[in-house]
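Let's take a look inside a protein together. Keep the structure open beside you while you read, and try to find each spot as it comes up.

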Amino acid sequence: MSRLVDAFDAALFDLDGVIYLGPLVIDGVTAALDTLRDTGIRVGFVTNNAARTPAAVAAHLVELDIPATASDVVNSTQATVRMLQADLPAGSKLLVVGTEALADQLREGGFTPVQSLDQDPIAVVQGYHPAQEWSQLEMGAIAVQNGAIWYATNPDMTRPTERGILPGCGAQVAVIRACVDVDPKVAGKPFRPLLDETVLRLAADHPIFVGDRLDTDIMGANVVGMASLFVFTGAHGKADLASADESSRPTHIGFDVSALLMPARMVEAHEEGHVVSCGQQQISVTDGTAHIMGEPEGVEEQLDALWALLHAAWHLGADVGDELPQLDLLR
């Protein structure tokens, strides 16, 4: 039986919550990536996080026993640089509200990073900083109020870590947004620039994107017309899926990245939509409410039941909320 990934020439992975949680690799990831590469599937890593350079990210992956080079990693700064190159003259002064790694990549892109309003920046470029100084946020707000063009690498409000869910770049962007009356230009998912940059750099003709967030990873894949696999190892879970609108619904679901090596889940509707099945799992829809028929055991059975429930919720308008607690192996 064919594997999900066999329909694609490349697999593109978000990092936080998909490949690792902070310093810890997620169980099963290393073996799954090795198998993908052994069978000729191109592997690429895509991150909204602009706090580190691609080389630093690749070094971290190698520390986790995942072979990678800088050319395998595409981050939101690279997409931001391409936006800046289209919008601004070479050498333009940019106030950096972010890490030194962000400043280094902007410099490599032909711009002049500055740290002071006295240096007359024509734009503000903001990215996630794990130790963000309040004074940087204040300078960014003032520069935007003075007419500087505002760019943000990504909109993620949170980021999953081994310690729990923590504030992300979007939360830091919101501090400046509270002081100004404009929104930033954003390169990262779910906006097009990062995924367009990824496809360009990795020369992928028909990729699938693997992510853990509906509002960035899955929505971003949908924006560019790319197939997606949602995994349960990061930020979002079954309740988020059940309430997702059409813009943020994945093409496939799996517990983790190893789902790429399994057959794709298929849903069938029977009895004019009153029964929906996936694998051996069936749900009934009565008076607009879905019910799981039986007691799915194990992660894969619960995933099949969830996929059938999601079909009923998304396409039949059924209420599935009371059934989700039964799927207790899924977050």
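Predicted model: local features only at pLDDT ≥ 70, side-chain atom pairs only at ≥ 80, totals over all residues.

## Spaces and a helix pair

The largest cavity holds about 170 Å³ of space.

What surrounds it? The lining of the largest cavity is made of 18 residues, and D16, N49, D156, T158 and R159 are the ones nearest its centre. If you sort the lining of this cavity by class, you get three nonpolar, seven polar and eight charged residues. Two elements, β10 (158-161) and α8 (214-223), each provide at least two of the lining residues. Of the elements, β10 gives the most to the lining of the largest cavity, with three residues.

Now for the open kind of space. The largest pocket has about 270 Å³ of space in it. It is lined by 19 residues, with D16, G22, N49, R52 and R159 closest to its centre. Two or more lining residues come from each of α2 (54-63) and β10. Once again you'll run into β10, which gives the largest share of the lining of the largest pocket, at three residues.

Here are the two spaces next to each other:

| Space | Volume | Lining residues | Classes in the lining |
|---|---|---|---|
| Largest cavity | about 170 Å³ | 18 residues | three nonpolar, seven polar, eight charged |
| Largest pocket | about 270 Å³ | 19 residues | nine nonpolar, five polar, five charged |

Next, turn to a pair of helices. Find helix α5 (residues 134-145) and helix α6 (residues 169-177), which pack with their axes 9 Å apart and at an angle of about 50°. How do these two lie relative to each other? An angle counts as roughly parallel under 35 degrees and as roughly perpendicular from 65 to 115, so α5 and α6 are oblique to each other. The crossing of α5 and α6 is right-handed.

Which residues do the touching? On the α5 side they are W134, L137, G140 and A141, and they meet Q172, V175 and I176 in α6. By class, this contact has five nonpolar residues, two polar ones and no charged ones.

Before you move on, go back to D16, N49 and R159. You can find them among the residues nearest the centre of the largest cavity, and they are also among those closest to the centre of the largest pocket.

Conventions. Residues numbered from 1 in each chain as written. Heavy atoms only, no water. 1 Å grid on protein atoms, 1.4 Å probe; cavity = no way out; pocket = protein on both sides within 12 Å on 5 of 7 lines; lining within 4 Å. Points joined across faces, edges and corners; volume = space filled by probe spheres on them. Helix = DSSP H or I, 4+ residues; strand = E, 2+ residues; numbered from the N terminus. Nonpolar A, V, L, I, M, F, W, Y, C, P; charged D, E, K, R; others polar. Axes fitted to C-alpha atoms, helices over the stretch in contact; angles between N-to-C directions. Parallel < 35°, antiparallel > 145°, perpendicular 65-115°, else oblique. Left-handed = near helix turned anticlockwise from the far one by under 90°. Contact = heavy atoms within 4.5 Å.
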